[in-house]
Amino acid sequence: MDRRKERIDRGVKARSVDIFALTSYREMIYLLIPGAVPVVGLLCFTPLLSDYWREVIISTAIYALLAMSWDMLMSAGLLSLGQSLFFGIGSYLAGSLNYYAGLPPILTLPIATLLGGVICTVFLLPVLRLRGVYFAMVTLVLPLMLSRLVEATRILGGTEGLTGLTSFPNQLTALFIIELALLGVLFGFRRIMGSDYGLVIKGISDNDRSVMSAGLNIYWYKTQVLFLGSSVGCFAGAFGTHMDMFAGMPGFALDYSIMPVAAAVVGGTGTFAGPLIGAFILVPLSEMLRALGALRIVFYGLFLVIFVVGLPEGIFAYIQRKYQQIERWVDVS
Amino acid sequence: MTDRVPLLRVKDLTKTFGGVTAVSNMAFDLQEGKLLGVIGPNGSGKTTLVNLITGFVKPTAGRIEFKGKEITGWPPYKVVSEGISRTFQMVRPFYQLPAYKNLIVPLYSPRVKKLAGGKYGNRDAVALDLLEEVGFERDAYVSYKKAGALPQGYLKRLELAKSMALRPDLIILDELFSGLSLAEVSSIVPIIEKLKTQGKTIIMIEHRLKELFRIADRVMVLNYGRKIAEGQATQVMESPAVKEAYLGSEAE
């Protein structure tokens, strides 16, 4: 009897596109592993870390949410260089609801997420017709403008910001809240983009005139994507505010705009898992390089270049391809 | 001629871009079920006319009525919902998507949902059927190939399928045959003839006169944004104005 190598996914793919007619546990496990890794990794592994590294994971998760929000906007061809707009708005919303109205995080988080999404969408509605660099320029400028506005008018605590906000009961609670949000957004966004609705969104970034001539109002779809993306960003901001017990001008800082883009590019755009992986590599890496002092940025930049040059398609696409190429020995009779 | 309301009525339509008049005082009626050919030299305003009717460009003056309803200046998605679909001269597929997934986008439109009685059904199956109708071989790999990797002939067919997916009453084909070989053109002609027998109204912008004249009920000739002749193909080509536009004025 001869033996040859065969890719596992061949048969699985053919039988699992529309109908799930899998023939063995092995095939089911093959399909489930990619989804199980982030769930198990986040929910079971991270609580075992030290307090310090849990803190790192939490701030990583905030960046990961911003990166996935960026990826959502990018799916519709909206290049955002102002993720800090979402972070800042979410942060100030949750902050003032807590500071002035005394609402607990369990209320401020959902309110800031939804209301923040609406506010950011309204802010960007006038420029929704712009594409590419033009849209990017506006998003880059808006958070800078808002932070100067706070400084000049001294509203919302001015340069001091709002301090002494309510924190989460304990670190573990905070960790689980952000991780559940992270998983929800990851699988939710992937599901949306895998549906026919997602095809329309991709169509808009590919060829918007073609979508228009298909009888669809692209501005309405872009508005929906903007709301989805910005409300996730606002959640990240609201969460970060309660974590730091502070809402202020740093919420509009450039870090929150640049890091998500870097994470998405390193991880691979258009996949949501890519930006997440990117954030989980870049943020802890930046923590680990802290010991190097001034040389930190040099090494950090070097790593970025290596990733982008070495894996231009993104880390996630690379892992995905390797996973699909896994082979097993089969008997050929 | 009957005096019933034409499917499409264009009245005094004018479009100027800066100082250039692309379409000037255009007027014509199109009865349901007819195939109107639009010909004219390059830059005579044919594509602008399509863009005006489909809402991609807003007219400077004039009126467009479809099924007796005024649709002048409507945005493209609303025009499509009324039942007008178009193809683009330069094909506009979604290059990243497989060929059949390209059709999911038009199949997702509110118009298709309305016609199906609120249900979408299995769009993938409908898409594959449509591709077969325009000449993609059934069960062949080509339907699953990324649109970016398809040859021109298939891209044109895909473009046609995308406009057919909307189940329009009026289809506007903007130079569907350009860039195709003779064999490819003669394989697409029966598809258009079939659409005609199904009662669809068609406007064809075309440079391939021989094929067009065989299927067109009426032909309209444009030059410098003006209609210079309209009628049966043979009559139109005899008109001195058309001869001059196509061949240039004779030396005296």
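I took a cavity, on a 1 Å grid over the protein atoms alone, to be a set of points where a 1.4 Å probe fits but cannot get out; lining residues have an atom within 4 Å of a point. Grid points are joined across faces, edges and corners, and a volume is the space filled by probe spheres set on the points.

I worked on a predicted model, where local features need pLDDT of at least 70, side-chain atom pairs count only at pLDDT 80 or more, and totals for chains, interfaces and linings use all residues. Residues are numbered from 1 along each chain as its sequence is written, chains are lettered from A and ligands numbered from 1 in the order in which they are written, and side-chain values use heavy atoms, with hydrogens and water left out.

**Cavities.** I searched the whole structure and found two cavities of 30 Å³ or more. The largest cavity holds about 60 Å³. Its lining includes Ser210(A), Ser213(A) and Ala214(A) from chain A, and Glu159(B), Lys162(B) and Ser163(B) from chain B. I noted that α7(B) gives the largest share of this lining, three residues (helices, H or I, have at least four residues and strands, E, at least two, as DSSP runs numbered from the N terminus).

The second largest cavity holds about 40 Å³. Ser213(A) lines this one, and lines the largest cavity too. Among the other lining residues of the second largest cavity are Thr54(B), Phe56(B) and Ile84(B). Here α2 (76-82) and β6 of chain B each give two or more residues.

**Interface.** I counted 17 residues of chain A in contact with 23 of chain B (heavy atoms within 4.5 Å). The buried area is about 1,900 Å², with 63% from carbon and sulfur atoms (accessible area, 1.4 Å probe, that two parts lose on being put together, summed over both).

I looked for salt bridges (a side-chain nitrogen of Lys or Arg within 4 Å of a carboxyl oxygen of Asp or Glu). The rule finds one across the interface. Asp196(A) and Arg123(B) form it, at 2.5 Å, N to O. On the side of chain A that touches chain B, α8 (196-206) and α9 (208-212) each give two or more residues. The largest share, six residues, comes from α8(A).

**Second largest pocket.** I counted as a pocket an open set with protein on both sides within 12 Å along at least five of seven lines. The second largest pocket holds about 320 Å³. It has 14 lining residues, and Asp255(A), Met259(A), Ser286(A), Arg296(A) and Tyr300(A) lie nearest its centre.
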